[in-house]
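Dear colleague,

I am passing on to you the structure shown below, together with an account of what was found in it. Please keep it open while you read.

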Amino acid sequence: MTDIQIDAAFDSGNIEVLSVVGSTARLAIRQDHHSEFRQWFHFRLSGQAGQEVELNIEQMESTAYPRGWPGYNARVSEDREYWGVAATSYDAKENGGTLTIRYTPASDIAYFAYFAPYSMERHHDLIAECAASQGVTYQRIGTTLDGQPLDYVRLGEGETQVWLYARQHPGETQAEWWMEGALECLTDESDTLARELRRRCTFHIVPNCNPDGSRRGHLRTNAVGANLNREWLDPSDDRAPEVKAILAKMDETGVHFAMDVHGDEAIPAVFLAGYEGIPDLTEEHIGQFNRYEAILERRTPDFQTRLGYPKTPAGKGNLGMSTNHVAHRYGCPAMTLEMPYKDNQDAPDAEQNWSPERCKILGRDCLAALLEFLAG
C-alpha cells in the first residue's frame, strides 16, 4: 500500500504533516502568522481512492477554541462544490487533544476543511459579478498589507444607510457565503424584496474585510497578526489598514444600521450579539436591536435567542470591537451575526451540518427581516 499524500500549499491552505504511514496521518494546525491563534485547517488528500483514511489532527486542546471540537464534524469535498461531513471524533486526552477524521474517498482527491472554504478566486468572481450588475457601484477603498484590494460595493438609492461587512476573521468562511446569498438577492432585478430594499436603503457592503488572512489560511488575523475586530478604536496603517479604510468610508456615508457577519466555533446555533455595554446607552437605542432580533427569530427557524454570548455589563463594552464601536460612534443599531461550525441543533442536517447553502439562505432572511424592521 502506498502512503497517502497531503498538501496545503494553496489559497487558504493550512496543515502541517507530522507523519504518514499508509492510510493514516498525524497532522497539526499551523498558527496564524505573528499570532498564537490556530483553528482553521484546509488541505488536500490524494492517493487512496476506495480506501478508508484516518487523519489525526493533534494538539487541539491548545487551539484558540478547544470547546469547538466536541460534537464537531469536519467538512469534506471531492469536487470542491458540494461540502458534506466526514465521520469525526474528538479525544481531549490523546496527544494534547486529537481530532480524528475517517473517510473513504470515491476518487483519488479529497479536500478537508474546518468549514467549506470561500476562496479569493470566488471572492473576485463575486465582486466582478456585482460590479457588472445594474445600479451597483464598485470602489477599492483600501489596500491590504499584502497588497490586495479591499473591495466595497454600493447599491440602492434610499436614505437609510445600511452597512454589511464580513470576514474580519478570515477562517469564518460562513460569513462570505452569507454575503454571496445577500448580494444575489440585492442584485436580482426581479426580486420584489430587493427592489423595495433598494428603494428604501443605500447598501454599503464589504464582503471580505480580511483578504490577507483569507489567502494565508488564518483563523482570526491579518498579515501581521492583528485581530481586526479588536482594532476599531484606533486603527493604524501598519497594523489594521483594512479597519481604517472601512471606518473612513463609514464616516463619509454615515451609518443607520450595521451588521458584522461571523462564525462561532462552539455554539451550535445562529444568534446575534449586540452592544449592551457601550457608554451612554439608552433604552430606545438597544430597543432597536431587540426589535430586529425578535423579527429575525420569527422569520426563520434557523435563528434563535436562547443560546449566545453573555450580555456585557453597562459601560464595560470594548469599543475596539466593531459592533460596539459602530453603535456608539453613529448611535445606530449594530449587531454581530454568528453562525455555527457545528450543526444547527434546532434544525440539524446529518449530511452537511450547517452549510454554505444555509448561510446563503440566511443572508436573504436577514434582509427580509431588515425590510420588516424598517417598515415597523
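Which elements each supply at least two residues of the lining of the largest pocket? They are strand E15, strand E16 (271–273), helix H6 (283–299), helix H7 (322–330) and strand E17 (334–340). Helices (H or I, at least four residues) and strands (E, at least two) are DSSP runs, numbered from the N terminus.

Before the details, a note on the basis of the work. This is a predicted model, in which local features need pLDDT of at least 70 and side-chain atom pairs count only at pLDDT 80 or more, while totals for chains, interfaces and linings use all residues. Residues are numbered from 1 along each chain as its sequence is written, and side-chain values use heavy atoms, with hydrogens and water left out.

Pockets

A pocket is an open set of points with protein on both sides within 12 Å along at least five of seven lines, a cavity is a set of points where a 1.4 Å probe fits but cannot get out, and lining residues have an atom within 4 Å of a point. Grid points are joined across faces, edges and corners, and a volume is the space filled by probe spheres set on the points.

The largest pocket has a volume of about 710 Å³. Its lining consists of 42 residues, and those nearest the centre are Phe271, Ala273, Tyr309, Met321 and Glu338. Strand E15 provides the largest share of this lining, 4 residues. By class, the lining of the largest pocket divides into 13 nonpolar, 16 polar and 13 charged residues; here Ala, Val, Leu, Ile, Met, Phe, Trp, Tyr, Cys and Pro count as nonpolar, Asp, Glu, Lys and Arg as charged, and the others, Gly among them, as polar.

The second largest pocket holds about 350 Å³ of space. Of its 15 lining residues, Arg80, Trp83, Pro117, Ser119 and Arg122 lie nearest the centre. Helix H2 (174–186) and helix H8 each supply at least two residues of this lining, and the largest share, 3 residues, comes from H8. The lining of the second largest pocket has 5 nonpolar, 3 polar and 7 charged residues.

The cavity

The search gives 1 cavity of 30 Å³ or more. The largest cavity contains about 40 Å³ of space, and its lining is made up of Leu164, Trp178, Phe257, Met259, Tyr292, Cys366, Leu367 and Leu370. Strand E15 (257–264) and helix H8 (356–375) are the elements that give two or more residues to this lining. H8 contributes the largest share, 3 residues. The lining of the largest cavity comprises 8 nonpolar residues, with no polar and no charged ones.

A mixed sheet

An open sheet is formed by 5 strands in the order E2-E3-E5-E9-E8, with mixed pairing; two strands pair if DSSP finds at least two bridges between them. At the edges are strand E2 (16–21) and strand E8 (87–91), each of which pairs on one side only. Strand E8 and strand E9 (residues 98–103) are antiparallel and share 5 bridges. Among the residues involved, Ala87 has Arg102 in E9 as its bridge partner.

Salt bridges

The whole structure contains 22 salt bridges, where a salt bridge is a side-chain nitrogen of Lys or Arg within 4 Å of a carboxyl oxygen of Asp or Glu. One of them joins Asp146 and Arg216, at 2.8 Å from N to O. Asp146 lies in the loop between strand E11 (136–143) and strand E12 (149–155) and Arg216 in helix H4 (residues 211–216), so the pair ties together parts that are 70 residues apart in sequence. Asp146 is partly exposed at 37% relative accessibility, and Arg216 is partly exposed as well, at 29%. In these terms, buried means under 20% relative accessible area, exposed over 50%, and partly exposed in between (1.4 Å probe, protein chains only).

A salt bridge also links Glu189 and Arg198, whose closest N and O atoms are 3.7 Å apart. Glu189 is partly exposed at 38%, whereas Arg198 is buried at 10%. In the salt bridge between Lys244 and Asp237, the closest N and O atoms are 3.2 Å apart, and Lys244 is partly exposed at 36%. Salt bridges with shared partners also join Arg122, Glu180, Glu184 and Lys360 into one network.

With kind regards
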